[in-house]
Amino acid sequence: MPILIAPINQMLTIKRVSGSDKERKHLESLGIVPGRNLTVLKATSNGVIVMVDEMRLAIDCNVAMSIVVAA
């Protein structure tokens, strides 16, 4: 499921990250890579706020659509 519709406050596993090379490399530098766990803290019409390890990240909705997660 796209991260935008993922459940809040539940540990999720990143399954796929798509998008341009630039977007994927940027997300990779932030720790958003397949196989990594994250938690969605908040979802809004502008995007999502996620927790990866001890780091909180705000991801806009266009980029968030390229992140697929599973419970």
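Leaving aside its neighbours within four places in sequence, which residues is Val68 in contact with? Let's work towards that, keeping in mind that this is a predicted model.

Strands of a sheet pair through backbone hydrogen bonds, either parallel or antiparallel. For one example, look at strand β1 (residues 11-17) and strand β2 (residues 37-44), which pair in the antiparallel sense over 3 bridges. Leu12 stands opposite Leu38 in β2.

Now for the opening question. Val68 sits in strand β5. Leaving aside its neighbours within four places in sequence, Val68 is in contact with Met1, Pro2, Thr13, Ile14, Lys15 and Arg16.

Val68 has a relative accessible area of 17%, so it counts as buried, the cut-off being under 20%. Val52 lies 16 residues from Val68 along the chain, and their C-alpha atoms are separated by 15 Å.

## Glu54, an exposed residue

Next, visit the loop between β3 (47-52) and β4, where Glu54 is found. Is Glu54 buried or exposed? Its relative accessible area is 77%, so Glu54 is exposed, a word used here for values over 50%.

Glu54 and Leu4 are 50 residues apart along the chain, and 20 Å separates their C-alpha atoms.

Terms used. Residues numbered from 1 in each chain as written. Predicted model: local features only at pLDDT ≥ 70, side-chain atom pairs only at ≥ 80, totals over all residues. Heavy atoms only, no water. Pairing = 2+ DSSP bridges. Helix = DSSP H or I, 4+ residues; strand = E, 2+ residues; numbered from the N terminus. Buried < 20%, exposed > 50% of the residue type's maximum accessible area, 1.4 Å probe, protein only. Contact = heavy atoms within 4.5 Å.
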